[in-house]
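Have a look at the model first, then read on.

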Amino acid sequence: MQANMHTNVSYGVKYQARCITAVRADTHRTRFLVGTLSLREENEVHVIQLSDNGADLRCEGLYTHQPEIWDLASCPFDALMISTVYASGGEYRASIWKIPERSKGFNTPQLQQIVQLDGHKDIVKSTLWWPTGKHNQLVSIDEENLYVWALDASEKSAKVQGHISAGRLQTMSAGCWDPHDVTSVATACGSSIKCWDLRSMKQANTIEQAHAVQVRDIDYNPNVPDIMVSAGDDSKIRVWDLRNSGMPLLELPGHSHWTWRVRYNPKYQELVLSAGTDSVVNLWHVSTPSSTEDKLRSTSGSPRSPLDPLLRSHHEHEDSVYEVLQCQCKIYIAKWRALCLDKDIGEIGTGVAWSSYDPWIFASLSYDGRVLIDSVPHAIRKKLSQGASK
Amino acid sequence: MAEDPNEKAKRVRELLSSFYRSDESDSAESTAAATAAMPGHTPGGRRDTLLAINTKDFNVDRYMSSLIRRTSLEGLLKKHVEMAAEIKNLDSDMQMLVYENYNKFISATDTIRRMKENVSGMETNMEQLLDKVTAVRTTSDGVNASLFERRERIEELNGTRSLLRKVQFVFDLPKRLRKCQKSEAYAEAVKYYMGALPILKVYGKTSFQACKEESEEVMAIITKRLQARVMTDLDPVQARAEAINKLVEGFLTSSLDHLLLALQTAAAKPKFALQETTENSTSELSAPHSPKELMENLEKDFIKDFAQVASTFRTIFPMGEKRLTEATKELFNKYFTSVQESLQPEAGLPSAAELVASLKILSADVKQMHAVLPEAGLPECAAKAVKSAVKQHVARIFSGLASRITGAIESLHWPTKGQSSDVQKPLQLALENIQHIIMQGSLDVLRDLKELLDDSVDLLVKWRDAYVDLVQGGFQDLFTSLIDEFLALPWRNGIERSGQDIHEKTASPLSRNAFVPGLMLLLARLSVYIEQIAVPKITEVVAASFIGGGAQGQERPAFVPSEICRAFRLTGEKLLRQYIELQARKLSLLVSKSVAAPNWLQYKEPRDVRMFVDLLFEEVEAIEAEVQQVLEPGIVRMHRRSDSTGSAGSTRSNTTREDRNSRSSISQRVRSRLLERDVAKLFKQRIEIFTKPEYTQVSVISTIIKMCLKSFQECVRLETFNRCGFQQIQLDTQYLRDPLRELVDDEAVVDFLLDEVSAAAAERCLDPIPLESAVVEKLILAKRAKASEFEGTSLQ
């Protein structure tokens, strides 16, 4: 409906920023949270909202959050509850915050701290909320440990329910709670991916050497259990079947430098969005991995024979195909460049988030604080919707 | 107890008998009889009544009563069931019997009725027949009686006459035979002898004994002579044929098969010749006959003999054609296999010239044989044999070439270990070597195969197009398999490497794995070579000599150079990209370790450029050494040193840096620091960091360095620095700047990226006050001096 308008919507945060998240509990509006990362200034959390016609992005609230924000997660059941990972003076912490009701004052209001998740000694990486619905459990990850918390928001307390130590020299960088099995959390652990069982607090599954170097991000397939996508510093994007973790189901060329984020579309599992340090956001079409048929299909092009192994290793045939996608990105970068007076390449995509309201919209945030809203092109939407209805 | 039931039974019986009055007397009688039979033993009698159910004088009442009296209720029930079943059985049996009888009865009536109908009309016919038969009989009797006398006489006379004639013939036989023998009229002789043979057989031992012996003697002589004639090859064929013919007629007992056998042994002679020659060729492997010689031998020994035998056979047995064809076919199968064997020398690449020569002989031979035996379909067989021989030849030539190339590539795995000192540039040597192999090998192959085409042998002419297709297809296959090989080779090693990561193997495979990136680069370069030089050249040659093709109705030619070129271009690009990725990853790892390791928040004041820089340069140098061996230098986009001397360049870069630093320190106080930065960026040249690599030294190295510096920036962004930490990064980047500028194709990129690194460090610094430029300069100079000194000592 408002797709055409989406392509050029942007918003600027005045500091550098690494994290953007959609407000998951708010299903009526397309709202995002952005946390800034400024070492020496007072940091902020911006609540921004996409107007109903999709034409512009407004700031709906601005809250002070003193230390620099390294990670931001919104509570899936309470639109006013968020968790952040922050650093001050070289120490990393994680806290749960409440956004105060009255947000439009003259002074920027403070976020109300509900509880701080104490106990981390290493660099905290992220917090994970219970994947669906209301539940008091929460996971926080630092470089070597994983804590499970039981949160009591009214009592303003959080108790450690479980603790997993991944061991020394296992730099964990990201995690993802399995939406199909809430007792399992996967973490990117060095160059491998590890799944942890929250009941036994033991390692349940592992993908060794998932990437040649550090794994940067992982995401579970929202529709099919045991399928996971990962991205790493070798710039590749790989799709895995956890039941058969020897070889990836699929490998996408990723980016020209590190691939930092990779996200499934919450509704259409064929769509995967990635962001890298090469300032590019890529939208991938990943065919439904029915585990054996790991065929890769283009976003708009012809379906290819899954039997041809060459097509998987070379991407010459896809050149044109990816062109469509890159073209879009280019257009969108070009527009964005126009905004920056055609000079800056900046760094898009240290954070990428799908909107929770409209599955076709996605936002990206670059390190220099620019939020960009884009949407999936019409042709692809049509195709996917048809595919889904079939 | 016993009496009571008795009385009771009696009373019941009385009651019953009063009711069934008519039965009374019977039962009384039977009881009387029973008691009479067994006097004084009423119970015994009763027992009998129980058993007497099948007897004639069975009494129901008594049976019942005794049953009731003597068996318990349970027994009664059982008995009841039993009896009911029995009754049912009897009923059904009876029914069956009745039904069967009835059936028989019906069929019997049917038969009787039919008989009655048939018989009724017969009487009159029979009477007529009888009349006629008697009439015939009387007539025949009359004739017989009248002729009897005369006939007997005639028969007698006739028998005597024939007997006399036979006797005459037999007596004359020896004489006649002798006459024939003298006049060499063997045919007549055989005929006579044949005529007399039955009589001689019967009476040979009695009256005609002498006669028989005599004639046999003569026949033996004749036979001997005939056989002698057959065996002597000198006789004209006609004579031999005659002889055999006579033999056949003479000894019909010895069948045609027998003779065929003789003929086959005669034919086997060439077979032996054949085997001999092949044995020769195998036994003299050390100095093998050329196929041509072998063919000549074959021709001499085998084909002449065969032609002779075949024509002889034909004249002898005009009817035996089929057998001959069969035998010939079998023979020729052997012949062709031996021909094929001779066309496949075990070692070395056969040259087409020899193949052509032998094929020529073969075609001549086959023509000759075909003239003799048109039915055997020899040309088809020969064509088949030639086709397969040529196919094998082509396939072998191509596989030989392919294995040479892959062998050359694979031999590259090993040499660096031992001879790395004396072989300075293994990659370069290998590159030249393999290029030579590919080009020269392909051209040789083409030249060789062309000979086959030029010397157009008769047999080959028919499928010239198919041959052209074959050659073109050979090239297509060669190149596609090469692509596969290229892509698989580094990967295979990669697998080894990952396996080794797990097993922690010893150092020897490690050194080989250090070679993997180099191999990748080499293969990438080779792909370019094939794409740009080898394939066009080959296409040219192919186009010149192998025109046509497409005989098999394919819509496209077998060799598609454009497709091959495209595939190789892609392969090359992929390999190059992999190479760059691999090397950049190595450097990035180095850099990121160097950034992640120290505690930047408690960093001490920088005294020296950190060690990782040296390591970085070492790695870059190694890469450069590799790249230099394989790739062209490439064009440097900017003038490196022409417009500025070293010191001037460094000062200039210093000033720009200072500008930026001062700007950033000012902007610290200003809220819109980011805007400031953006504005600053506006005036800078926009830098393309991630460009597509080209096949030049500079391009590859630049790409690697750019990737590495980008990683550096990203790593720095993840840290938080104190002032000294920031200054250290500043110092490191400054030290890196000049040497790196030397290496890349576009200095601006290096400047930009290094500025980015130090800007990132400034952003992530709690207190970003840069070092004085003089201090930086001094430290750098000190480091340079130390480095060159080290280099000097290492060189000495």
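## A buried pair in chain A

Asp217(A) and Arg261(A) are both buried, meaning under 20% relative accessible area, where exposed is over 50% and partly exposed lies in between (1.4 Å probe, protein chains only). The two form a salt bridge, with their closest N and O atoms 3.7 Å apart. It ties together distant parts of the chain: Asp217(A) sits in strand E18 (residues 215–220) and Arg261(A) in strand E22 (residues 259–264), 44 residues apart. A salt bridge here is a side-chain nitrogen of Lys or Arg within 4 Å of a carboxyl oxygen of Asp or Glu. Helices (H or I, at least four residues) and strands (E, at least two) are DSSP runs, numbered from the N terminus.

This is a predicted model, so to speak: local features need pLDDT of at least 70, side-chain atom pairs count only at pLDDT 80 or more, and totals for chains, interfaces and linings use all residues. Residues are numbered from 1 along each chain as its sequence is written, chains are lettered from A and ligands numbered from 1 in the order written, and side-chain values use heavy atoms, leaving out hydrogens and water.

Arg243(A) counts as exposed at 56% relative accessibility, whereas Asp241(A) is buried at 4%.

In chain B, Arg737(B) and Asp755(B) pair up at 2.9 Å, N to O. Salt bridges with shared partners join Arg737(B), Arg741(B), Asp751(B) and Asp755(B) into one network. H27(B) is largely enclosed by the rest of the structure, because 15 of its 17 residues are buried.
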